[in-house]
Amino acid sequence: MPVTSSSQSFSSFVNGWLIRHRYFVEQLTCASSFDETNEEQQQSLVTQFLSHCLQYYQEKSSAVSLAGDNVFTFFCPPWFTSYARLILWVGDFKPSLVFKLTDSTVDDLTRHQRDRISSLRSETRRRERDVMRDFALVQQSVADPPVMLAARRVGARGLVDGEESDLEEAMEVLKRGMARAMNSADELRCSTVGKVVEILTPSQAVKVLRTIGELHLRLRELVGLERHHQ
């Protein structure tokens, strides 16, 4: 499937975004060693990094809306490694992954923080199920017998009468539905990270965001290695 100009443009954006991302990860690493008297500076960095991540998803949303026939590219994006594409959830990381990273990174959560995170984890998993249910309904609509029959005829005797328009309409429904699913999943990814950060202290948030940032960078660096060996 050829890559559209929207996905090419987004790939170009990602290249520049990654340069800034690497800088932020370096800053978060340094901030992790700050003492408590630097809380204001840590909070400022957290805010800047969240804005940086939000920019990524805003640009992605715009690209998806313009992708047309190639909205499917964003569900198996070429700017991810082959390994990363195997573990994608609706085109990116699964929102609940944030809780695993928090558990492995922060060891000084209070009882109140743990209770709030537990509640948020349950809410996030429920919303993940909602996204997947809606996504499955979109896919099921295309698998309906009339549509599948028309699709099989494309390679056989060809389409007749209104079959071609029926198939085109079904594909439009699929593309719009997949774009909605992608936007819903990205909104959940962003809101989950933001809500976790709200629960944490600035120093705890710096540690979690550094871990998220480093993971993202490692995947991108592997992309470079893959291309080098191709």
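Biologist: How many residues apart are Asp115 and Arg111, which both lie in helix 5?

Modeller: Asp115 and Arg111 are four residues apart, which comes to about one turn of the helix, and helix 5 itself covers residues 111–142. A helix here is a DSSP run of H or I with at least four residues, a strand is a run of E with at least two, and both are numbered from the N terminus. This is a predicted model, in which local features need pLDDT of at least 70 and side-chain atom pairs count only at pLDDT 80 or more, while totals for chains, interfaces and linings use all residues. Residues are numbered from 1 along each chain as its sequence is written, and side-chain values use heavy atoms, with hydrogens and water left out.

Biologist: What makes the contact of Asp115 with Arg111 a salt bridge?

Modeller: The term asks for a side-chain nitrogen of Lys or Arg within 4 Å of a carboxyl oxygen of Asp or Glu. The closest N and O atoms of Asp115 and Arg111 are 3.5 Å apart, so the pair meets the cut-off.

Biologist: Why does Arg111 count as exposed, and what is Asp115 called at a relative accessible area of 43%?

Modeller: The classes rest on relative accessible area (buried under 20%, exposed over 50%, partly exposed in between, with a 1.4 Å probe and protein chains only). Arg111 has 58% and therefore counts as exposed, whereas the 43% of Asp115 falls in between, so Asp115 is partly exposed.

Biologist: What makes the pair of Lys195 and Glu123 a link between distant parts of the chain?

Modeller: Their side chains meet in a salt bridge at 3.3 Å, N to O. Lys195 sits in helix 7 and Glu123 in helix 5, and 72 residues separate them, so that the pair links distant parts of the chain. Lys195, at 31% relative accessibility, is partly exposed, and Glu123, at 28%, is also partly exposed.

Biologist: Which residue forms a salt bridge with Asp134, and what are the other salt bridges in the structure like?

Modeller: The partner of Asp134 is Arg133, with the closest N and O atoms 3.4 Å apart. Asp134 has a relative accessible area of 39% and is therefore partly exposed, and Arg133, at 47% relative accessibility, is partly exposed as well. The structure holds 11 salt bridges, and a network of them links Lys60, Asp92, Asp186 and Arg189.

Biologist: What makes a set of 29 residues the largest nonpolar core?

Modeller: A nonpolar core is a set of buried Ala, Val, Leu, Ile, Met, Phe, Trp, Tyr and Cys residues joined through side-chain atoms within 4.5 Å. The largest such set has 29 residues, and those with the most contacts inside it are Phe10, Tyr56, Phe74, Phe75 and Val90. Two or more residues come from each of helix 1 (5–31), helix 2 (39–66), helix 5 and helix 7 (163–199), with helix 7 giving the most, namely seven residues. A second, separate core has 24 residues, including Val98, Phe99, Leu101 and Ala205.

Biologist: Why does Val90 count as buried, and what is its phi?

Modeller: Val90 has 8% relative accessibility, which puts Val90 under the limit for a buried residue. Its phi is positive, at about 50°, although Val90 is not a glycine. Most residues other than glycine have a negative phi. The place of Val90 is in the loop between helix 3 (82–86) and helix 4 (97–105).

Biologist: How many helices and strands does the protein chain have?

Modeller: The chain has eight helices and zero strands, so its pattern along the sequence reads α-α-α-α-α-α-α-α. Of its 230 residues, 43% are buried.

Biologist: What separates Arg22 and Glu214 in sequence and in space?

Modeller: Arg22 and Glu214 are 192 residues apart in sequence, and their C-alpha atoms are 8.4 Å apart in space. Arg22 is found in helix 1, and its relative accessible area of 34% makes Arg22 partly exposed.

Biologist: Where does Ser62 lie, and why does Ser62 count as partly exposed?

Modeller: Ser62 lies in helix 2, and Ser62 counts as partly exposed because its relative accessibility is 40%. Its C-alpha atom is separated by 9.9 Å from that of Asn183, which is 121 residues away along the chain.
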